Amino acid sequence: MTPIPKTQIFTLLALQAVVAFSFECIFPFVNQFLLDIGVVKNPEDAGFYSGVVESAFAISQLITVFPAAWASDIYGRKPVIILGTLGVALAMAIFGVSTTYWMMILSRVLGGGVGAGNTAIRVMSGEMTDKASQPRVFSWIVISYRIGQIVGQPVGGLLSHPERHWPKLFSSWFWYKYPYALPCFVGSAYALICSIVGQLVLKETLRSHSKGAKIARDGGLSGEASPLLEDIPISSPKKLRPTIRSVLTWPLFSLLVSNAIMVLLTEVFFATYPLFAFTPIELGGLGLSEARIGIHMSVRSVVHIVILFPFSRLQERFSAMSLYRVSLIAWIPTIMLFPLLSFIARNRGEDGVWWYLGLAVVFSVWAITGWSWASVFVLSSSHSPNEDAMATVQALVSSCVIIPQAIGPALGTSTFAFAIQHREILRGNFFWVSMLVLSVIAVLHSLTLREASHDRREEESRDTSRQEII
């Protein structure tokens with residue numbers, strides 16, 4: 001197994017957490033934000049508008065993901081990652097001082113547009129590792145996303161309205177006018193710091209841009225004895241960029257469809273849970289404050305991280321495909337447990353043993369669904385025909401993440417709001433029944449998936465051997 005360049009990988013993980021923070025930070029307070037600036041008058045009307053704000057980030061990413069991937073093939077992985085992170089820092093600061101609905105949306109569009117460069121993070125990670133170490137590294141990428149949530153969600157919930165919580169420190173008129181600026185400024189500062197560290201630490205992995213002819217390699221001829229860095233002649237011939245049609249095989253297409261359904265479920269519930277928790281108990285929610293919502297979401301992320309730690313060992317024993325299917329199956333009980341949690345809050349209260357037991361079960365089962373993310377990164381990487389196609393393949397994966405991210409929040413929150421407003425349909429359970437049907441479809445479709453039968457690294461090694469012999 002090729003040694004993992006830990007300094008490089010951990011820098012990429014910190015940069016990956018920036019995107020997670022910027023996307024998730026607003027969830028605990030966005031509904032109240034809309035009420036405060038007068039976009040909506042009633043809490044039950046916040047769902048649609050908050051969904052549009054949340055989806056704007058992903059829609060912008062969808063538009064720029066392929067240009068960002070192609071730019072990383074032309075100008076290098078590093079500049080795309082660093083410039084994207086700086087753009088996210090600016091977008092976060094603008095969102096914190098938004099005073100109109102359109103200002104909120106435009107800041108999210110900016111953040112999503114430049115944040116599409118995070119595809120290059122996975123490409124760069126894949127170029128630094130081999131097949132044996134990739135499951136571990138890709139599980140770390142998912143963990144870094146969860147850490148971004150752990151940092152972002154309580155920051156978003158706990159640092160909102162600092163003038164109320166710490167009046168001696170935040171007594172200026174600024175904090176009264178912009179009560180949600182502080183969590184956004186903290187996120188902006190984190191993105192700025194990570195971009196500076198990335199500029200100083202990261203080494204380019206794109207062959208044609210690796211000055212000094214040193215690049216991170218994908219594998220080797222002699223296994224563990226092979227060095228991580230290998231001299232590559234600067235005058236090596238430049239290959240044509242792979243097209244989407246050339247890499248989009250039927251097995252990869254089927255995996256992308258399954259991935260899109262999985263991400264849709266994930267984003268629907270991730271966006272809907274704050275609304276579900278914010279909704280009054282008598283309307284089928286939990287009636288929690290912004291601070292408690294942030295704590296709930298961070299606890300969920302902690303549980304996700306704990307569940308992800310054994311992923312690489314389980315993948316070695318059972319395969320990435322098996323874990324992917326198990327993670328999809330876990331959606332069925334997860335969806336069925338949410339109405340039960342509301343029932344407990346309504347009949348047993350939110351401080352007793354049943355309440356905390358219910359939360360523990362919901363978050364634990366929900367966390368198992370997180371295995372699907374690491375599994376998809378491993379499976380999609382194996383479908384790449386060669387190293388030059390990795391950026392295009394990962395851009396396809398990103399597009400199948402971003403599309404459901406774009407429609408998931410608005411679809412989930414508006415469907416949940418519709419179910420509340422039309423409780424005569426399925427006794428108010430329209431949202432839960434719809435998501436349950438979708439999860440069953442996802443499980444059945446996953447049974448048709450197959451892992452890649454070839455290993456691009458072995459093929460590249462054989463090609464290199466033939467060239468050396470010649």
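Among contacts in the chain between residues at least 6 apart in sequence, 80% join residues at least 24 apart. The structure is a predicted model. The chain has 21 helices and two strands, and buried residues make up 57% of its 470 residues.

**Aromatic pairs and cluster**

- The structure holds 33 aromatic pairs. One of them joins Phe269 and Trp331 in a tilted arrangement, with 5.5 Å between the centres and 35° between the planes.
- This pair links distant parts of the chain, since Phe269 belongs to helix H12 (residues 250–278) and Trp331 to helix H16 (residues 331–347), 62 residues apart.
- Both Phe269 and Trp331 are buried.
- Phe418 and Phe430 form an edge-to-face pair, with 5.7 Å from centre to centre and 70° between the planes. Phe418 lies in helix H19 (residues 390–421) and Phe430 in helix H20 (residues 430–446), so the pair ties together parts that are 12 residues apart in sequence.
- One aromatic cluster is formed by Phe269, Tyr273, Phe276, Trp331, Phe338, Phe363, Trp366, Phe416, Phe431 and Trp432.

**Charged groups over rings**

- The charged end of Arg300 sits over the ring of Trp366, at 4.1 Å from the ring centre. Trp366 is one of the members of the aromatic cluster.
- Arg108 lies over the face of Phe95, and the distance to the ring centre is 5.9 Å.

**Packing of H16 against H20**

- Helices H16 and H20 pack at an angle of about 170°, and their axes are 9 Å apart. The two helices are therefore roughly antiparallel to each other, because an angle over 145 degrees counts as such.
- On the H16 side, the residues that meet H20 are Trp331, Ile332, Ile335, Met336, Phe338 and Pro339. Their counterparts in H20 are Trp432, Met435, Leu436, Ser439, Val440 and Val443.
- Trp331, Phe338 and Trp432, which take part in this contact, also belong to the aromatic cluster.

**Packing of H1 against H6**

- Helix H1 (residues 6–24) packs with helix H6 (residues 119–128) at an angle of about 165°, with 10 Å between the axes. That angle makes H1 roughly antiparallel to H6.
- The contact involves Gln8, Ile9, Leu12, Leu15 and Gln16 of H1, together with Ile121, Met124, Ser125 and Met128 of H6.
- The crossing of H1 past H6 is left-handed.

**Setting of Ser107**

- Ser107 is placed in helix H5 (residues 101–115).
- With a relative accessible area of 3%, Ser107 is buried, because this value is under the 20% limit.
- When residues up to four places away in sequence are not counted, Ser107 touches Ala91, Ile94, Phe95 and Ser98. Among these, Phe95 is also the residue whose ring face lies under Arg108.

Methods
Residues are numbered from 1 along each chain as its sequence is written. This is a predicted model: local features need pLDDT of at least 70, side-chain atom pairs count only at pLDDT 80 or more; totals for chains, interfaces and linings use all residues. Side-chain values use heavy atoms; hydrogens and water are left out. Rings of Phe, Tyr and Trp (its six-membered ring) pair if their centres lie within 6.5 Å; planes under 30 degrees apart count as stacked, over 60 as edge-to-face and the rest as tilted. Helices (H or I, at least four residues) and strands (E, at least two) are DSSP runs, numbered from the N terminus. Buried means under 20% relative accessible area, exposed over 50%, partly exposed in between (1.4 Å probe, protein chains only). A charge sits over a ring if NZ of Lys or CZ of Arg is within 6 Å of the ring centre and within 35 degrees of the ring normal. Axes are lines fitted to C-alpha atoms, for helices over the stretch in contact, and angles run from 0 to 180 degrees between N-to-C directions. Angles under 35 degrees count as roughly parallel, over 145 as roughly antiparallel, 65 to 115 as roughly perpendicular and the rest as oblique. A crossing is left-handed if the near helix is turned anticlockwise from the far one by less than a right angle, and right-handed if clockwise. Contact means heavy atoms within 4.5 Å.
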